[in-house]
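Let's work through a structure together, one feature at a time. Have the picture open as you read.

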Amino acid sequence: MAENIGKIIEDAINKALKDRGEINILIAGKTGVGKSTLINAVFQGNFATTGQGKPVTKKTREIKKEGIPLKLFDTRGLELKEYKETFRELESFVKMKNEDSNPSNHIHMAWICVEESPKRIEDAEIELCSLLSNHMPVIGVITKAISDEGFRDKVQSHLIQAKNIVRVNSIPKKLDNGYIIQPSGLEELVELAMEIVPEGQKNAFAAAQRVSIKQKQNKSHAIVAASAVTAGGTAAVPIPFSDAVALVPIQVAMLAGITTVYGFELKKAFLSTLVSSTITGAGATLIGKTIVSNLLKMFPGIGSVAGGLIAASTASALTIAFGEAYIATLTYLIKNKDISEISEADILAEFKKRHSK
Ligand SMILES: Nc1nc2c(ncn2[C@@H]2O[C@H](COP(=O)(O)OP(=O)(O)OP(=O)(O)O)[C@@H](O)[C@H]2O)c(=O)[nH]1
Ligand SMILES: [Mg+2]
């Protein structure tokens, strides 16, 4: 039985992108409070500095970057006298978005940013929190957070509908005496946000953010676990070598899913190289025996192949070993480099190192 690996890879990419979905977040705050700085600290790709974005209301712009499953709505004008008019426009926009029949188009969460040092919370911020919370969960973000002095409690008592209030400092701040205050609160914000976003958007959020590697790992472990169950099911009755090709789409889909959850762009050429240099080793034709012997060679000591048959336990153990090795590879790489600086060749080289022992 020969199957077209190109088609399997294409299907895997489409499925991975569909499963990962997209996340849309509204970020509001007075001018200069640090919205753009926060966005760049939390998300991949220098998001806020990539162009002006397209205006969707007079005071809200939509920012999007190719390859990152995130849309941001940057809302300003809270400091202006005519903020009520801004909010009316914003509310009809938000309503229109969230009535869309496709949940991927909804705005899934809002962050209202308030700067810490003036220790003041304005009517506009309070009204915006109450307005937005009718349509989506809201987090209050205290920016440039360096010295609380009771301000967090004060914000919490005013932004009563907010799910939580998080204090963040997005960039290092050097004090006059030379002391440097390090960024803080970003991980807390990302963790809280992850709890709040709808299930269908969690993988997209894990991919788009750059603060927590743990979130990318967790979501990827879940993909591996699900793939192992599917692989085990395929071999519920031990399958002969020739039928081992049935495992390939499962494992290719797993690799594609992990790649997207880590936030890498998913390209066909890359996935093809990854797959052919690992599982198939046989170019365009899939041969059951080659596939299984390659996988077993990569992960020696896993399961056994008795009488030319692969049992469910072997199929799932191989899938887990394969997926976990890939997770370990990507984790290692993003701990050491920014995603934008990691090439496909880096991934391949590191992955090979990890299983050719
Ligand atoms: N120390 C410190 N400075 C910050 C922080 N966030 C922003 N800043 C500084 O505050 C200034 C304004 O930050 P921006 O991120 O441009 O503010 P913004 O809310 O996007 O402003 P608008 O786009 O005009 O609405 C910049 O000089 C930033 O470097 C922070 O967390 N800590
Ligand atoms: Mg800005």
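This is a predicted model: local features need pLDDT of at least 70, side-chain atom pairs count only at pLDDT 80 or more; totals for chains, interfaces and linings use all residues.

Q: How do I read a sheet, and what is the strand order in the open sheet of 7 strands?
A: Start with the terms: helices (H or I, at least four residues) and strands (E, at least two) are DSSP runs, numbered from the N terminus. Two strands pair if DSSP finds at least two bridges between them. Here the 7 strands go β2-β3-β4-β1-β5-β6-β7, and the pairing is mixed. At the edges stand β2 (54-55) and β7 (164-167), each with a single partner strand, so one side of each has no neighbour in the sheet.

Q: How many bridges join β1 to β5?
A: There are 5 bridges between β1 (residues 23-29) and β5 (residues 109-115), and these strands run parallel. To find the pair on screen, look for Gly-29, which stands opposite Cys-113 in β5.

Q: Which strands does helix α4 lie across?
A: Helix α4 (residues 123-132) lies across β1, β5 and β6 (138-143), and runs at about 170° to β5.

Q: What about the open sheet of 3 strands: what is its order?
A: Its order is β10-β12-β11, with antiparallel pairing. β10 (239-240) and β11 (305-306) are the edge strands with a single partner each, so one side of each is left without a neighbour in the sheet. Between β10 and β12 (residues 309-310) there are 2 bridges, and Pro-240 stands opposite Leu-309 in β12.

Q: Now the ligand. Which residues come nearest to ligand 1?
A: A residue counts as near a molecule if its C-beta atom, placed from the backbone, lies within 6 Å of it. Of the 15 residues around ligand 1, the nearest are Gly-34, Lys-35, Ser-36, Thr-37 and Lys-173. Helix α2 (residues 35-42) gives the most to this shell, with 3 residues.

Q: How does the shell around ligand 1 divide by class?
A: For classes, Ala, Val, Leu, Ile, Met, Phe, Trp, Tyr, Cys and Pro count as nonpolar, Asp, Glu, Lys and Arg as charged, and the others, Gly among them, as polar. The shell has 2 nonpolar, 9 polar and 4 charged residues.

Q: How are two packed helices described?
A: By the angle between their axes and the distance between the axes. Axes are lines fitted to C-alpha atoms, for helices over the stretch in contact, and angles run from 0 to 180 degrees between N-to-C directions. Take α9 (residues 247-262) and α12: they pack at about 25°, with their axes 10 Å apart. That makes α9 roughly parallel to α12 (angles under 35 degrees count as roughly parallel, over 145 as roughly antiparallel, 65 to 115 as roughly perpendicular and the rest as oblique). The residues of this contact divide into 12 nonpolar, 3 polar and no charged.

Q: At what angle do α12 and α13 cross?
A: The axes of α12 (residues 312-336) and α13 (residues 344-355) cross at roughly 130° and come within 9 Å. That makes α12 oblique to α13. Residues are in contact if their C-beta atoms, placed from the backbone, lie within 7 Å. Among those that meet are Ala-325 and Tyr-326 in α12, and Asp-346 and Ile-347 in α13. By class, this contact has 7 nonpolar, 2 polar and 3 charged residues.

Notes: Residues are numbered from 1 along each chain as its sequence is written. Chains are lettered from A and ligands numbered from 1 in the order in which they are written. Two residues are in contact if their C-beta atoms, placed from the backbone, lie within 7 Å.
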